[in-house]
Structures are given as C-alpha cells and as structure tokens.
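Subject: The structure, and some notes to go with it

Hello,

Here is the structure, for you to open alongside this email.

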Amino acid sequence: MSTSQHPVALQMERIIGGDAKLLALVMMLPLVDGVFPALILAGALNEPLGAIQVGLLIFGGSATVAVILAEMDGTPREQATVVLLVGIPLILLAAVQAALAPAIESVLDIDIFERFAALVILAIAAKTASATIGDYLPNPVVVIGLGLVASLNPAGATFEVMTNLVLVAHATLAAAVGVGFALTIALTGPYLREYMDIDRFRFGSAVALGLLPLSLLWMAFGQAPLAALIVAGLFAVDLPLGGDDADSSTGTDDAAAQMGALADGGEKGDSSEPVAAESEDEPDAYPGDDGTDTAGRAPWL
C-alpha cells in the first residue's frame, strides 16, 4: 500500500483540505484586510477586556460558528485538530503583526485608514445581519483597497518595532481567545447543532460587530459589543428544559388524534401527510434572507 493510500494519510489530507482552508479564510481575514492592526493602533486592545472583546468578535463571531457547525465534517476531535492547525499560526501572526504595528503606521495616514477599516467592519456586520442588505453594499475587499490607496504615504516609511510589550501580549491574547472560542465550538458541536439557532446568533453577533467600529471613530463604546455578543449567545441556545413532559403530552395528543381519525373511518397514512408538508416550511427564516443558494450554503456566509 502506497503512502498516499494509507488511511491516516487520507484522513490528514481531508482534514488539511477544504475544512482548514475555509476556516483559515474566515479567521485570518482580519489580519489580511488590515482591520486587526487598525484596532491595535486605535487603542481597542489597550485593556485585557478589550482584547477579549476583539478576539471574540473579530476572530470568532457568527462566521466562525457557522463554518464549524454547518460546513466542517468529521468528529469533534477532527474538527478540533483543524482549529488548532489554523489557530496556532493565527496566534503567531497576530503577535508579529502587533510587533510591526508602528512600521505599518509609518507608511499610512492612520486617520484615513482607520475610517476605511471602520467601514469594512460595518459592511461585514451588515452582510452578516442580512444577505439582502449585503447585495447593495460594496465588497469589503474593495473598501479596504480604496483605503490603502487613499492613506498610503511611503515617504515616511520607517522600520519600527512595538516597544510596548503589554500591547503585544494583548494582541496575542485576542487571537488566543478567538482560537479558544473556535475550539469550544468544535468540541461542543454535536450539542450546539441540536440546541443552537445559528440565525439568532448571527443576527446578535452582527449587532455586536456593528458597535465595534466606534473604537476606530474615537467614541467610548466600552464593553457594549461584548455584552451584546453574550446576550446573543444566551438567546440563541434553546435548552430542552422540561422537554420530557412536553414530549409525553405531545405523544398523548398525537395518539388521541390518531384514534379519533380511525374512529371516523380515516386511515393512519392520511394523517401523517399534513405534518410532512408543514415540516418543509421555515418559519424561523429572517425576512429577505434566502436560506440556501446553488451550493446549498447560506448566502450571508
């Protein structure tokens, strides 16, 4: 048996394949589009609680939850392996980017760039909240590209390294919090798929993410985004409290309905058809959001 056909090699190839690429695309986007260094330079990570907030919203959030719960295959252990394969380089890159933040600031007009970064976060939040609204907004890549062109100032380029080690530590903490959040979602995936409403969480996450750009616009937002994210998580989880009583009463009602139908001359097969038709509806879908597209994936993802 060749190495390429070995079961372990095939499993690792699948793990490092599409799942890791998709998760890396979502979690590493703030490092690529300049949002993370803009938050560092704007002072959003000066405090440990701010670092936790940025980590949950920027590196975690509804997109990471949706990718892990709706897109990734395999057991929780395999999904956790994918998260670690993506997360460890993410933490290292976040620390390096924080250390080079002064050098990045020297080639940019940071005031202009921060405004464009705030627009990018707002656009992502709007696209997360509603795919219909997102159709009318420009692509975040286009916005950040225009921001780079408008704020680029290579004449003042200098190579400087961050001397504030506490700020570098906070940036590393933000990335570690995002990876820990993703790891928790991967390990608890079987329970969250059963008891969590992703639509509720992504809408609340969009509200929380929409509050974050206030830090780039020099407005005191405190920990309001973190509070909004926590509330969204609480409302998204629907634990089956008292589920046994409800199930037993429902079963009794169904049995009584079937007995009544048989007594009226109906057939058992006929009574099940309306239930199947009702199950095809999606009453929880948000107005204006199509639940699937041609690839079977939610458009806001």
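A word on the annotation first: UniProt positions are given in the numbering used here, and annotations may be inferred rather than shown by experiment. With that in mind, the UniProt record, an unreviewed entry, gives "transmembrane region" for residues 22–45, 51–70, 82–104, 116–134, 141–159, 165–189 and 201–221. Please also keep in mind that the model itself is predicted.

How do two of those spans look in the model? Residues 51–70 are 100% helix and 0% strand, and their end C-alpha atoms lie 27 Å apart. For residues 82–104 the figures are 96% helix and 0% strand, with 30 Å between the end C-alpha atoms.

The chain as a whole

The secondary structure comes to 16 helices and 0 strands. The chain has 301 residues, and 39% of them are buried. If you take the contacts between residues at least 6 apart in sequence, 84% of them join residues at least 24 apart.

Two asparagines in loops

N46 is in the loop that runs between α3 (35–42) and α4 (48–71). Is N46 buried, partly exposed or exposed? Its relative accessibility is 45%, so N46 counts as partly exposed. Once the neighbours within four places in sequence are left aside, N46 is in contact with L167 and H170. The C-alpha atom of N46 is also 10.0 Å from that of A169, a residue 123 places away along the chain.

N164 sits in another part of the chain, in the loop between α9 (140–151) and α10 (165–187). With a relative accessible area of 38%, N164 is partly exposed. The side chain of N164 reaches the backbone nitrogen of V166 at 3.2 Å. N164 and A98 are 66 residues apart in sequence, and their C-alpha atoms are 9.7 Å apart in space.

Q97 belongs to helix α5, residues 76–99. Why does Q97 count as buried? The cut-off for buried is under 20% relative accessible area, and Q97 has 16%, so Q97 falls on the buried side. Beyond the neighbours within four places in sequence, the contacts of Q97 are L31, F36, P37 and I104.

R202 is part of helix α12, which covers residues 198–211. R202 is buried too, with a relative accessible area of 2%. Which side chain does R202 meet in a polar contact? The partner is D199, and the two side chains are joined at 3.2 Å.

A nonpolar patch on the surface

Finally, have a look at I230, V231, L234 and F235, which together make a nonpolar surface patch of about 440 Å². One of these, L234, lies in helix α13, residues 224–236. L234 has a relative accessibility of 62%, so it counts as exposed.

Best wishes

Methods:
Residues are numbered from 1 along each chain as its sequence is written. This is a predicted model: local features need pLDDT of at least 70, side-chain atom pairs count only at pLDDT 80 or more; totals for chains, interfaces and linings use all residues. Side-chain values use heavy atoms; hydrogens and water are left out. Helices (H or I, at least four residues) and strands (E, at least two) are DSSP runs, numbered from the N terminus. Buried means under 20% relative accessible area, exposed over 50%, partly exposed in between (1.4 Å probe, protein chains only). A polar contact is a pair of N or O atoms within 3.5 Å; within protein, one must be able to donate a hydrogen and the other to accept it, and residues adjacent in sequence count only if both atoms are side-chain atoms. Contact means heavy atoms within 4.5 Å. Patches are made of residues with over 30% relative accessible area and no salt bridge: like charges are joined within 9 Å, nonpolar side chains (Val, Leu, Ile, Met, Phe, Trp, Tyr) within 5 Å. Accessible areas come from the Shrake-Rupley method with a 1.4 Å probe; for residues, only the protein chains shown count as cover. A salt bridge is a side-chain nitrogen of Lys or Arg within 4 Å of a carboxyl oxygen of Asp or Glu.
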